[in-house]
Amino acid sequence: MLPFKLVYSDAYYLPIGTHIFPAEKYRMVASCLREKGIAAEDNFHHPQPAEDRDVLLVHGEYYVHKLRTGTLTAREELEMEIPFSDELVNAFWLNAGGSILAARQSLGDGISFNLGGGFHHAFPDHGEGFCMINDVAIAIRSLQREKLVGRAMVVDCDVHQGNGTAVIFGRRPQAAEAENHGKPAVTRDQFAWMRESAEPPGEVFTVSLHQENNYPVWKPPSSIDVNFVDGTEDQPYLDWLARALDAAFTNFKPELIAYVAGADPYREDQLGGLNLTIDGLRRRDELVLRAARDRRIPVFVTLAGGYARNVEDTVAIHCNTVASAGAIYSSSHSK
Ligand SMILES: [Zn+2]
């Protein structure tokens, strides 16, 4: 049995009809973990929906009111790229509650998963890119409000930049600070370029590794952004990930890590243009999880994107993340 909890509910399913977003993947991941004997029934924890006061730590009152009353404009609904319904609101609130629970759970167990969430394109005042509210930011802010943690780090390995998260935790006013603290540091090779913000970090340090030539077109600065060229393969990706993590932990000592483990850097992804294999993604997970475990920093994991031609591949990638964590955290217990 896994030495940690998996937060999950069948009601994570997003009622969005036929859509490139495979809403059935959540149920499939949970089934796959049970069927393969990776997780036992006792590992699963049921979430409660987030409370509005948690959601309001990240999102504006006006936006939350519009979601609660179903009064988004047509343009706002279009930008979200998923059809609005009250049931969809409930599913997002439940996913956010799941991330809060997983984050809390990780403080005791060292790691926990929300087998949902990772909606990193949601901004304080609007949703976009299949994301209504930013569960990752809500979970961090919620634990901070309860004074369970202070400093937190987001490590976002979805193929798309974590634009909502970058804005939520970005420091203000950015222009003035840029003047005061100089230019960001930039390093590059033929596969990627990395931008490290020159601003002193705030309470939350954000790291995003993503394909440069992909959504979102406007990439608001994270604390560290790694922009990959199209078609980047396993080894250069892993080398840059190691470099980015080194730079992040040199600059910042978090008390909690949010790992956004998107499956869409996969070579067969329909919305991604990187060239990672399933094995490469497994090694990516191991790198991030070992970095957290070796430093004894609690980590909570969310699934985020994954649009492989065969949904089974997306499911396999997500299940591998859980299996890798099982191996890494079981061995640390026996030491
Ligand atoms: Zn994505």
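User: Why does Leu 88 count as buried?

Analyst: This is a predicted model, where local features need pLDDT of at least 70, side-chain atom pairs count only at pLDDT 80 or more, and totals for chains, interfaces and linings use all residues. Residues are numbered from 1 along each chain as its sequence is written, and side-chain values use heavy atoms, with hydrogens and water left out. Now to your residue: buried means under 20% relative accessible area, exposed over 50% and partly exposed in between, with a 1.4 Å probe and protein chains only. Leu 88 has 0% relative accessibility, so Leu 88 counts as buried.

User: Which residues does Leu 88 touch?

Analyst: Contact means heavy atoms within 4.5 Å. Leaving aside residues up to four places away in sequence, Leu 88 touches Leu 14, Pro 15, Ile 16, Ile 82, Pro 83 and Met 132.

User: What makes the pair of Phe 21 and Tyr 307 edge-to-face?

Analyst: Rings of Phe, Tyr and Trp (its six-membered ring) pair if their centres lie within 6.5 Å; planes under 30 degrees apart are stacked, over 60 edge-to-face and the rest tilted. The structure holds twelve aromatic pairs. For Phe 21 and Tyr 307 the centres are 5.9 Å apart and the planes at 70°, so this pair is edge-to-face.

User: Where is the charged end of Arg 34?

Analyst: A charge sits over a ring if NZ of Lys or CZ of Arg is within 6 Å of the ring centre and within 35 degrees of the ring normal. The charged end of Arg 34 sits over the ring of Phe 44, 4.2 Å from its centre.

User: Which residues coordinate the zinc ion?

Analyst: Donors are N, O and S atoms within 2.8 Å of the metal (3.2 Å for Na, K and Ca); water is not among the atoms, so sites may look incomplete. Asp 158 (OD), His 160 (ND1) and Asp 264 (OD) coordinate the zinc ion at 1.9 to 2.1 Å.
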